[in-house]
Structures are given as C-alpha cells and as structure tokens.
Amino acid sequence: MADATLVQGPAELRFRDPVKARALAATLDSVTRAVDHAPVSVMHVCGSHEQSIAKFGLRTILPKGLNVIMGPGCPVCVTDLPEVDEAVVLAQDGKIIASYGDMLKVPGTAKSLADVQAEGGRIAVVYSAAQAVELARDTTDDVVFFASGFETTAVATAAVALGDLPPNFSILSAHKYIPPVMEIVAEMPDSRVEGFLAAGHAAAITGWRIFERFVEKHRIPVVVAGFEPLDILAGLVRLVELVRDRTPRVENMFPRCVTPDGNRNAQRQLWRVFRTQGGRWRGIAHVPNGNLRLRDEFAHVDARCRYEIDVRRLWNHAPSALTQVCICGEIMAGLSAPENCPLFGKECSPESPVGACMVSSEGTCRIWHQYGGHPDI
Amino acid sequence: MSATGLKSPADAREELVTLKHGAGGRAMRRLILETLAEGFAADQPEGIGLAAMDDGAALRVGDRWLVVTTDSHVVHPIFFPGGDIGRLAVAGTVNDLAMMGATEPLGLTCAVIVEEGFRRAELERIHRSMLETCREAGATIVTGDTKVMGRGELDGIVINTTGVGFADAVVSDAGLRPGDRLLVTGTIGDHGLALMARRHSLELDGDLRSDVAPINRLVAAALAAAPGAVTAMKDPTRGGLSSALHEMAEKSGVGTVLHEPALPVRPVIRSVAEMLGLDPLHIANEGKAVLGVRPDAADVVLAALRAHPLGRDAAIVGACIAEHVGRVILDTGLGRRLVGEVEGEPLPRIC
C-alpha cells in the first residue's frame, strides 16, 4: 500500500519514534518517582515547546507526579496593550501595518488589529521581516512592520534593518528578550518552579552559557531542549534528574543545534540594531531589560521616532470588565492553569479572546482550547 | 447570559461580520443560526431541512428524495494550481448532492455576477472548465443568470451553483453510531494549502495542487459496495476534516478517535503545513469525503474506494465511540490529544 511512504518520511521518524518515546516516558516516570517530593514542577519558556507537547499528545504520557508548566514563552501573549494600541493608531492613520498572523487578534485597550481591518484598516499578514520590506517596495504608501517575537525573530528584524530599505518602510518593535523574565519568574514568591526547560532555537543564537549566571544566582537547573517529541522527553528526563540530584547546572540536550556561545554573527547583528529596555509584559510584571527597542542610530526606521503616535485617543474606551477576571498573568507565571479561569472556553474563546493567552497559537489557553490540556482520554 | 454575568468584548462592541464568520467553523454556524436561518428552521417539511444545517436539503417526492443544494463561490486567485473557480463551482455542488446520496445530478443552475472590466477571455476559460467538470461528473447546467456590477462593487467574479438530484436513501451527516469506522477518500490538506501558498505568495518548492474534483461517482461506488452500510457522509471543505468530524460527531451524538499515522497526507503537505504551523486536519479539501461505515463493511467500502482513480489513497482513519460526545480525539502514536475546531481563517504562526 502507498500508506507507508505517504505518512512518514525517515527524517521524521528519527525524533518521533513512538517506541523510543514510550521508553523515555517510562524513564521519566521512574526518575520522577525517585525525587523525594511530589509533584515536581518544571517550567518551559517557549510556546513552541507547548505546541509540540500538545500537538503530539505528550501530556497523556507524562508522569502524574510531574507538573510541566508553560511560562511566559509566548511573545505575542506578553505584548502589552499600549504596544498593540500603537499599531492600531498607525493603522487608523492610514499606514499599512505588516505583522505576523498571530498579532492580528491580540486585544489592545479598545480594539485589535483585526478590528481595525474589519473597519477598513490595511493590515497585511507577513511570514518574515523580509516579506514586509518587499511589501513596502511594491507600494508608495507607508508600511510599518509591527515586529514581535523573541531573540529568534528579532535577529531576522535586525538583518532587515541593516540592509537596504525603501524610504516608506519602518519598524514598530514589540520584540522581547527572554533571559530577564526567567529571573522574574524565579523570584516570584509563590513560584514552585524547580527547573527550567530552555528553548533550543533561542539558545542556538545566544548559546547555552548565557544561562550559567542565572543558575548560579537562583540555584535552579536549566536544560536546553529541542522541539521534537524525543527532544522534549529527553530534556525532561535530564531536568528531573538534576532536580532529583539537587544539582543546579546548565545542560545542553540539543547539541545538534546549540553551542556554548551560540551564533556570534547573529548576536552582533541583534545588538547592533537593538538595545534592551525595561517594560511591562502583559500579565507578568515590569520586566527590566525585557523589551528590545531600536537603537538611536536606527531612528530613521523606527516608527516611534518617525510618527507621532497618540494612543491616548483610544483610551476613552474603558477596557472590558472581563479583563479584570482574566488570569492570563497567573497562567503565564506558572501559578495557575486555564481550567482555573472562569472565562476559559466560555466568554473567552479563540473567536473572541479576552486575554492574549487565548489569541496566539503559542498561548497556553489557546493551546489548551485546541488540544484539550490534560485530557482524560 | 454568561456564568460571570459579564459581557464579552465581542458583545460590547458593535458587532460586524468579519472573515471569521466565513471560515466554516463555529462562528459561522452561530451567525447563520442567529440571523439568516432564524424563523425558517422551525417550519420545515418532512425530510432534511434548514434546521439540520446539512450539506443540502432532502424533500420527499413520492417514495424518493429530491436533494437540493446551493453554494456561492468566491476564490482568490480565480485560477490556481489544480483548478479554478469554475471547476470549484461545479464540483462543490455536485459533491454536496453526493454527500446526501444523490450521486447522479439531475441538473445544475449557474448564476454569475461579474465585475465591470472582467476579461472576456477569462470568462471563456472559466466556462470551458465548468463544461469539462460537468462532463466528468455526468452533470449539466440547465439554467442560469448573469449580472454585471460596477467596477469596485465586487471583486472579480462570484459564481453560484444550485444542484438537484434524486436519492433513494438519504445519507445525512448525523448518522454516525459507536463502532462505525471513519474513512477518508484520499489525501487531506491539498486544496487549502495550494491556495494559501499562492494567495500569500509563499515561494515554496514542491508540487502544491488543489484536489478540486467532482467525486459523485466515487461516492456512488462506495454506496453500491455495501448498501445501507454508509451511515454518514460529509465533504471536509472549509475548516477541513476537523470541522467536518466535529459537526458529524456533535449531530450524531458520538465521539470520534482518529489515528494520525493512518491519515493520508502527502509529504509535501505535511512539511509545508508544519513549517507554517498549520494542521492538515484544519485545511480545506475540495475533492474528498469522510464516511462513517458500519464496522463489518469497512473493508469492502475501502476496497471500492481504492478501485476508483480518485480514491486510490483512501484509508480507514478512525472509529466512533460512545464516550466524549462531539469530540475529535487524535491518537498521535506517541500520545492522545483533542483536535480543535478552527476559528477563523487559519493563519501561519511565528517562531
């Protein structure tokens, strides 16, 4: 039958082998049982990890005594209201806003970009920073690239900013930088997090050594892991072993992509274009050095310098009363889960999200809504 | 009123119809039930009417059923790899008839609304495609209507087709029973991804082609292979296999379990979808059907499907269960999860 070739290629099987996955799950179970307390709580800080865990149904094979919490790993979710407001105002002023698809439904104070689009605003979904530049070349109208994402996508934005740009192109940066928020989570008084699973793709750029200072300071182990099911399971096994042995250190379980020092070229580009700045992450806190903003040398492509952006005119609409009930912040901090939110699946759904966690395909609430969270199936 | 007694943000705003209402998911069904179907759904004749929200209606004529269905077609671009709006308009309506058991269309109507400035040569090309597709389906167009609207009053061309046909036994989308096997007639995700790649100018290698085709003869072969054994049918168009199965499961009062390794997905579709963060289960198809089949007849129906050129990749992909009513559960081979319904147009994710 044609099925075998139709269904899976050999490359996929390597890191998605069900037999190996079950063996790793069994190891994870025995390692978790060997910890002197239960449950063991670890946190990953990447939407792609949660996507993979949910997509492959891994939660149904994780040990009962292991609590894998999704931290503030969704850059779209932590984009704060005023940042969305800036893009909304620019769209209302007739600029073409180019952004990643996930950003369209993120609620601002009064409305989302999708709302502005329904009212006639010009919003273009792009898949890369380079595509936003192409869009600007094809028009005489002003194109603003509403750039979001962590280090990984910020590098792509930086590469574009360093290249040749048409005069009608500018960047509205909502880029975020992950290492500082791990500090925030680790220092939260209610935090139960005993170990972090760090994102392999971000570490491919920063290198795994970047976490050494963090481990030293907080005495919490960090394991860098990839995104295939076996990568995640192997990463969790190593992380729980480090918890069990009370050995706070950094381990790289994604050596096929991550080196100690990372991609220096990409780092150089990133820091030539961006600087860190403190700012609020939606639902989390003020994160010192958590935002990536364009340096002064790039003022000519910085939408915040080029345009007068008066977001206050949106503020005569009070935010919905529902936002007071939303517990996105606690969810992203790992203190709660979607099932504890009274709005989840009712007033708050992907069609009509209240909190940003329901908007992005990397948001915990959205992923749980889509894949069923901890289903008893 | 909600549990918390608060209004959702969507209620609080003055509500507008948005693209999510056209994407075939829950938002669309709710909009239709609350507005357009309101009042009509209650006073329905014997058979299948508006209240069933099926692919079409089935009206009793003597001891047979007259199946009626209608569909308006807009697509960007009008010509796409594997098809065009004309082929889509004919196949869409022929397939909707077939999904209710009317596999020999009596006739189709065709209403065309064209924007001023539309090129005549393109209209001719669309016509040729409709003619060809009708021939494949054994159908013909028996009446029509043509309007021209001013430039900018619509985008290019809209084609509506209505179809009628007789069925001796109507197959609904609500007849699944626990134990029934679920079959798909071929690979999934082809149409939606081919269009998405073209629409968003994604420069991708690989052969992305729409699967748009009339499958009434394929369906006829399946129905004839084991009379009475097909308990439910649906074509997984907008919203993909996920949306079709959710609707069938909910209406039938069963749960469904899919085995991911058994799903026929072309490797190029699998990798492009993964790259874009999309699930082939959510992507539209235009030449496929999902069938619920009594367990003892599943192999016979599968063999009949595979014997037809359009059903070569058909597969048994899952089964119905009495528990988890309305849910679609996916066994990934590694673990299990629920399959969500798409909300709005699927958009690629970042990162």
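Biologist: How do helix H3 and helix H4 of chain B cross?
Modeller: In this predicted model, the axes of H3 (residues 85-99) and H4 (residues 120-137) of chain B come within 7 Å. They cross at roughly 30 degrees. Axes are lines fitted to C-alpha atoms, for helices over the stretch in contact, and angles run from 0 to 180 degrees between N-to-C directions. Helices (H or I, at least four residues) and strands (E, at least two) are DSSP runs, numbered from the N terminus.

Biologist: Parallel or antiparallel?
Modeller: H3(B) and H4(B) are therefore roughly parallel to each other. The label goes by angle: under 35 degrees is roughly parallel, over 145 roughly antiparallel, 65 to 115 roughly perpendicular, and the rest oblique.

Biologist: Which residues make that contact?
Modeller: From H3(B), they include Ile85(B), Val90(B) and Val94(B). From H4(B), Ile126(B), Met130(B) and Ala137(B) are among them. Contact means C-beta atoms, placed from the backbone, within 7 Å. By class, there are 9 nonpolar, 4 polar and 1 charged residues. Nonpolar covers Ala, Val, Leu, Ile, Met, Phe, Trp, Tyr, Cys and Pro; charged covers Asp, Glu, Lys and Arg; the others, Gly among them, are polar.

Biologist: And numbering? How are residues and chains labelled?
Modeller: Residues count from 1 along each chain as its sequence is written, while chains are lettered from A and ligands numbered from 1 in the order in which they are written. Local features need pLDDT of at least 70 and side-chain atom pairs count only at pLDDT 80 or more, but totals for chains, interfaces and linings use all residues.

Biologist: Zoom out. How is chain B divided?
Modeller: Into domain 1 (57-167) and domain 2 (181-338). The bounds come from an automatic or database domain assignment. The C-alpha centres of these two domains of chain B are 23 Å apart. In the contact, 23 residues of domain 1 of chain B meet 23 residues of domain 2 of chain B.

Biologist: Which helix gives the largest share of the domain 1 side?
Modeller: H3(B), with 11 residues. H3 and H4 of chain B each supply at least two. That side of domain 1 of chain B has 12 nonpolar, 8 polar and 3 charged residues.

Biologist: Now chain A. What are its domains?
Modeller: Domain 1 is 12-73 + 179-252, domain 2 is 81-178 + 271-316, and domain 3 is 322-371. The C-alpha centres of domains 1 and 2 of chain A lie 31 Å apart. Their contact takes 11 residues from domain 1 of chain A and 13 from domain 2 of chain A. On the domain 1 side, helix H9 (178-187) and helix H10 (200-206) of chain A each give at least two. H9(A) gives the most, with 5 residues. That side of domain 1 of chain A has 9 nonpolar, 2 polar and no charged residues.

Biologist: What about H7(A) and H8(A)? Which residues meet?
Modeller: Ala129(A), Ala130(A) and Val133(A) in H7(A) meet Ala156(A), Thr157(A) and Val160(A) in H8(A). The two axes come within 8 Å and cross at roughly 40 degrees.

Biologist: Last topic, confidence. What pLDDT do the chains average?
Modeller: Chain A averages 89 and chain B 90. pLDDT is the predictor's confidence in each residue, from 0 to 100. It stays under 50 over residues 1-12 of chain A and over residues 1-13 of chain B.

Note on methods:
Two residues are in contact if their C-beta atoms, placed from the backbone, lie within 7 Å.
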